[in-house]
Amino acid sequence: MATKVGAYSPNTWRTRYALNYKGLPFTTVWLELCDVERELRAAGAPPAGTWPDGQPQYTVPAIFDSLTNRYVSDAHQIARYLDETYADRPMLFPHGTAGLQHAFVGQFISRVVFASIPIALKGCYAVMSERTQTYFRETREEIFGKKLEEIWAEAAVEKGWVDVKEGLDWLETIVKENGNDKLFLLGDTPTEADLAIAAMFQWINKASTPVWNQLKVLNGGRWARLVDALSRYESNETRA
C-alpha cells in the first residue's frame, strides 16, 4: 500500500514476509488505500470478505500468480495458497498446525493488534497522502463511530499502552513455553503466525518510530529480536 514510508500495512507485511520466506519472486504494485477497491475490482481479484452491511470487502494484500493464472486475497488465504501450491518450499503451516495457527493469530489480533490502534493510528494517518487521509477519515470514522481525534486522544493512548503491554505479556508467556531463548511460536522455525506478529511491529515502526522504540524494549527486547531474526525476509521484490 502506497504511503510516504513505503510498505507499512500489517496485512501486506504478512504476505511480503510469506513470499520471501517461501523464496518466491514477486513484483509489488503500489496502491493508495482509497484506490484499492476500484483497482482490485478492475483486475478481477476476489473480495477478501464482506463488510457488516453485506457488501464485498476489497482489501490488500491480494496476489496474482502468473503460473496458475489465479488471484488470491486475504493474508491468511494467501499463505494457505502458497503452501498448497509451492509445497516444495519452506512451509508456513507445518503439518497439522494450520488450525492452531489461525486460532492463535485471531487471539493475537484481538489482544494486541486492536489494542495498538490508539497508540499507532495518529502516526498511520500522518504517513498517508492528503487524498487517502480524506478517504481514511470518512470510512474509519464511520466504522469506529467516532472522530479519529477521539481514538488517539491522550486518555485513549494511555489505556492503549496498558492493553498492549498486557497483550504482549500474554504473547511472551505462550512463546516462552518453547524455552526462554526461543523467539518463534514453534521454537526454532518461523511460521505464518510469527510473520503475523512481526508484521504488526513493522506497521508500528513505519507509522511511528518513537512508538516502536518504546515497544521494542518491552519483554526484555524480545520483539526487536524477533523482527531482527526475520529481517532476511523483508524485501526481495521488483517494483511496478
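**The pocket between the domains**

Modeller: Happy to. The largest pocket lies between domain 1 (10-86) and domain 2 (97-233), because both give residues to its lining; the domain bounds come from an automatic or database domain assignment. This is a predicted model, in which local features need pLDDT of at least 70 and side-chain atom pairs pLDDT 80 or more, while totals for chains, interfaces and linings use all residues. Residues are numbered from 1 along each chain as its sequence is written, and side-chain values use heavy atoms, without hydrogens or water.

A pocket here is an open set of points on a 1 Å grid over the protein atoms alone, where a 1.4 Å probe fits and protein lies on both sides within 12 Å along at least five of seven lines; lining residues have an atom within 4 Å of a point. The largest pocket holds about 1600 Å³ of space, the volume filled by probe spheres set on the points. Its lining has 49 residues, and N11, W51, Q57, T59 and R140 lie nearest the centre. The top contributor is α4, with 10 residues. By class, 30 lining residues are nonpolar, 11 polar and 8 charged; Ala, Val, Leu, Ile, Met, Phe, Trp, Tyr, Cys and Pro count as nonpolar, Asp, Glu, Lys and Arg as charged, and the others as polar.

Let's stay with α1 (residues 10-22), a helix of 13 residues. Of these, 11 are buried, meaning under 20% relative accessible area with a 1.4 Å probe and protein chains only. W13, R14 and Y17 are among them.

Since E192 sits in helix α8 and R14 in helix α1, the pair ties together parts that are 178 residues apart in sequence. Both partners are buried.

The second largest pocket holds about 800 Å³. It is lined by 30 residues, with F26, T27, A62, I63 and F64 closest to its centre. Helix α1 supplies at least two residues here too, as does β4 (62-65).

Note on methods. Helices (H or I, at least four residues) and strands (E, at least two) are DSSP runs, numbered from the N terminus. The expected span of a helix is 1.5 Å times one less than its number of residues. Buried means under 20% relative accessible area, exposed over 50%, partly exposed in between (1.4 Å probe, protein chains only).
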